[in-house]
Amino acid sequence: MITFKVNGETKTVDVAPDMPLLWVLRDVLDLKGTKFGCGIAQCGACTVHVNGTPSRSCRRAVSTVANAEVRTVEGLSPDGTHALQKAWQALDVPQCGYCQAGQLMSAAALLERNPKPSVAQIDTAMNGNICRCATYLRIREAIQVAAGVTTQAGAATPGGREE
Amino acid sequence: MTTTTSTRRDFLRVTSIVGGGLLFATHIDALESAAGILSPGATDFVPNAFIRMTPDGIVTIVAKNPEIGQGVKTMLPMLIADELDVEWKQVRVEQSMLDTTKYQGQSAGGSNATPANWLPMRRVGAAARAMLVTAAARTWGVPESELTTRDGAVHDHARRRHLPYAQLLDRAATVPAPDLATVKLKEPKDFRIIGTRQPSVDNLAIVTGKPIFGIDVTVPGMLYAVFEKCPVFGGKVVSANLDEVRAQPGVRRAFVVDGGDALEGLLGGVAIVADNWWAAQKARERLQVVWNEGATAQQSSAGFARRAAELSQQPPTRPLRNDGDADAALASAAKTLRAEYYYPFLAHAALEPMNTTAHFVNGKLEIWSQSQTPANGRRLVAQTLGIPETDITVHMARSGGGFGRRLLNDFMAEAAWIAREAGAPVKLVWSREDDIRHDFYRPAGWHYFAGGLDANGRLVAMKSHFISFGEKFRQQNGQEAERGVRAADIPQLEFPGRFVPNFSLGASYMPLGVPTGWLRAPGSNGIAFAFQSWLDELAHAAGRDPMQFRIDLLSVPPIGDNPAQAYSGERMRGVVELVAEKSDWARRSRSLPKGTGMGVAFYWSHRGYFAEVVQATVSRQGALTVDKVWVAGDVGSQIINPSNAENQVQGSVIDGLAEAISQEITIQNGRVVQGNFDDYPILRMREVPPEIEVHWRITDFPPTGLGEPALPPAPPALCNAIFAATGKRIRSLPLSNHDLSWS
């Protein structure tokens, strides 16, 4: 039995201690927002926060989060009102959308420790998250919008946008 | 409209509204009642299979095609909503089931949704609008000609009154459906939704982590499966240690699947079914299979390269085009040059691994999948299980990327078979390694070129020998002939065919035991690299500016036949000139320091015309940075959703850069060497250009699609920029195999 908090709720699971947190979240706790992409911590689709730090849940044994606080994309806000979620929608970031939960969690961890990141800091923080559709320019721009470090449509979207 | 199964006028009218074609007998009864209204409730208005309007003002529009990230779930309803003349905020979009009777074509491929649906979907909306106008005219007792519509209401301006659609539904339901062929469409100047930036309708669900993807499907009592196939394609199971696997924690079933011989279908392997996916995957680590690897276990990329070199010494076995006399013109040219180009196999690597959930009960199958061709998938499953297609229900889940991988449906056949064997609902999920090693690969290709320039630097002769993989097949006349395997052919009209007076193009093939398939902009994604890099070599050999050399080539009056769909030099020249202007080519390309260069390339694919300029910097040590990309595209008269259009173009460009920079699938001992993102890299945030400008050239042609055509110019534009920066001509991909350092 392993007990930990997920998005503020206490959960106790009866699983093998080496079961990755990703599969506990998806197949045991039915939280499907966190995604499986590679299984070797290369793509970042499975990114969650463990005690506020971004972690690749596909390579993180559930035993290592005992008594910890885990936050998933469902915990950013259920109604899409977190600043990053709002920016992601307003800038129409996703294409297929599969990687975006991991992108959002990496971005949220960045803004929590560095509310006004530079472009270089954004790029470093986000470099572990693959977007196969390559929405990177909008991801970068949406983080800047959420952080309030830019108010204008950037180079990613010439011609401006109708809000 | 090809239906001739009934002479009843109402039937034909309603038939055409359903999508412009076939309607089958099972629907006739429902359509004949209430003048063809499929009305689930007395107060709803359901003018056709795509629209449902309710008294609360909500307009529900059905999206019929698979959503794979190309934006079609938002785009097709925009077409309907604009002609229906409702506000976009009134619209709720619903994903359809697979029902080709109701919705006709339901597939995602070939950048085809826009050209195929531009008029049909608008007519669907316009027909419903016409019925609402008729209802208002009858309510007020005025002629329809005095009424207009706007934002979900009918207006009678002369009498200063209006009626919201929501108050007209009862009466509209009694109006006969108009003929789709003649229903009046809006003038483009009156569009209010088409042409505006509309975020994807699924964005909220995506950013809040809702279970909308195929891999998120949950069925009560569901088990989870992995499927181990032979690393050599089509190999068979001889034996496996199933008892040991069955003893692993959480494992419910483990069994051998014999499979068939078609690489597109169910292949031999071992299925492991467990309480959760990780348990199945962990048990797999204990699995030991003795394989009969079959006849292709000796194939290798090195062997293919040797065979290509041999074939290059012979004339093409399949001549494709011959204008003038290329050999004679080469012999008399002022300057000649030759070069060979190569590109490797590629995988699709959609981020959501292949998966499908299937439930087989009482001889019938319910299946949830993210196929790009769900109707083909249903047929494959029916054939594999030996059950009729009518006993299969297909749910179309959102797909975490397609890129052409999900045009083939092997994973559906596997899930269906395993679920039936397991006697429980089963979710099959492939590992990333399964995905990289059991793909349908972009075929490798070799191009051998010879070119001749006259004293003025004009291209007067060109020979091209394309070498790839082929197969024998029997023609309709019974004779055996040769053709490329899937995605390994080259068009007879490949540019600069028709634009060079002495031109020959031919192909030679070798056999292949590796499954190939359509990767985003299939064919074009490799051919563009070879041809547009080669044109750059010719321009430099001619001592010409590479941009002007291309413009001059496109300005030649083309020779020979040009079937309706084919290449327009004029449209291509338009985008080349536009990208030259936007990138300030004339000034900027001459003012860059050594180590930084600009390259240009253009390409026509999937009806779209694209020209792209890349600026790249190569350090003395050989480190490559893509500084900026400028794109000019011509996809006709209308950019339907500019937000998604730009997103698709920017993504396509980066996708093409990734292919050029680092991607390669290698075959050794009949199997794929690479297995995950550590050896099959996708470009990351720090590697992508900070800016990709997208510019449109609006022309008078019907709108066409954007899933693919912006990709092919990106690899050659990058390689041409590297040449401009370093003097190094790149004739094989990926760039990670090259030393780019300079001094």
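This is a predicted model: local features need pLDDT of at least 70, side-chain atom pairs count only at pLDDT 80 or more; totals for chains, interfaces and linings use all residues.
I turned next to helix α5 of chain B, which runs over residues 113-140 and has 28 residues. Its reach from first C-alpha to last is 39 Å, close to the 40 Å expected at 1.5 Å a residue. Where does α5(B) have a kink? I located a kink of about 30° at B:L119, shortly before the proline B:P120. I also wrote down that 20 of the 28 residues of α5(B) are buried, so this helix is largely enclosed by the rest of the structure. The residue that follows α5(B) is B:G141, and its phi is positive, near 70°.

**Entry: alanines with positive phi**

B:A487 is found in the loop between β21 and β22 of chain B. Is B:A487 buried or exposed? I noted it as buried, because 22 other C-beta atoms lie within 10 Å and 20 or more are enough to count as buried.

The other residue was B:A521, which has a positive phi of about 60° and is not a glycine either. I placed B:A521 in the loop between β22 and α15 (524-541) of chain B. B:A521 is buried as well, with 32 other C-beta atoms within 10 Å.

**Entry: cis peptide bonds**

Which residue is joined to B:P496 by a cis peptide bond? It is B:F495, and omega there is about 10°. I found B:P496 in the loop between β21 (480-484) and β22 of chain B. Another cis peptide bond joins B:L733 and B:P734, with omega about 0°, and B:P734 sits in the segment after α20 (714-726) of chain B.

**Entry: B:N502**

I looked up B:N502 and found that it belongs to strand β22 of chain B, which covers residues 502-510. Because it has 21 C-beta neighbours inside 10 Å, B:N502 counts as buried. Leaving aside neighbours within four places in sequence, I listed its contacts, among them B:D323, B:G324, B:D325, B:V460 and B:A461. I also checked B:G451, which is 51 residues away along the chain, and its C-alpha atom is separated from that of B:N502 by 9.8 Å.

**Entry: two paired strands of chain B**

I saw that strand β16 (residues 364-369) of chain B pairs with β17(B) in the parallel sense over five bridges. Across this pair, B:I367 stands opposite B:V394 in β17(B). Which residues make up the covered face of β17(B)? I noted B:I392, B:V394 and B:M396 on the covered face, while B:T393 and B:H395 make up the uncovered one.

**Entry: the sheet of chain A**

In chain A I traced an open sheet of five strands with mixed pairing, in the order β2-β1-β5-β3-β4. β2 (9-13) and β4 (53-56) stand at the edges with a single partner strand each, so one side of each is left without a neighbour in the sheet. Neighbouring strands of this sheet are turned by 40° against each other on average, direction ignored. I followed β1 (residues 2-6), which pairs with β2(A) in the antiparallel sense over five bridges, and I saw A:F4 standing opposite A:K11 in β2(A). I also noted that α3(A) lies across β3 (47-50) and β4 of chain A, running at about 35° to β3(A).

**Entry: where the chains touch**

How many residues does each chain give to the contact? I recorded 53 residues from chain A and 54 residues from chain B. On the side of chain A, the elements that give two or more residues include α1 (21-28), α3 (100-113) and α5 (136-147). The largest share of that side, four residues, comes from α5(A). I finally noted that the residues of this side divide into 28 nonpolar, 14 polar and eleven charged.

Key. Residues are numbered from 1 along each chain as its sequence is written. Chains are lettered from A and ligands numbered from 1 in the order in which they are written. A residue is buried if 20 or more other C-beta atoms lie within 10 Å of its own, exposed if 12 or fewer, and partly exposed in between; C-beta atoms are placed from the backbone. Two residues are in contact if their C-beta atoms, placed from the backbone, lie within 7 Å. Ala, Val, Leu, Ile, Met, Phe, Trp, Tyr, Cys and Pro count as nonpolar, Asp, Glu, Lys and Arg as charged, and the others, Gly among them, as polar. The expected span of a helix is 1.5 Å times one less than its number of residues. The bend at a residue is the angle between axes fitted to the seven residues ending there and the seven starting there. Two strands pair if DSSP finds at least two bridges between them. Axes are lines fitted to C-alpha atoms, for helices over the stretch in contact, and angles run from 0 to 180 degrees between N-to-C directions.
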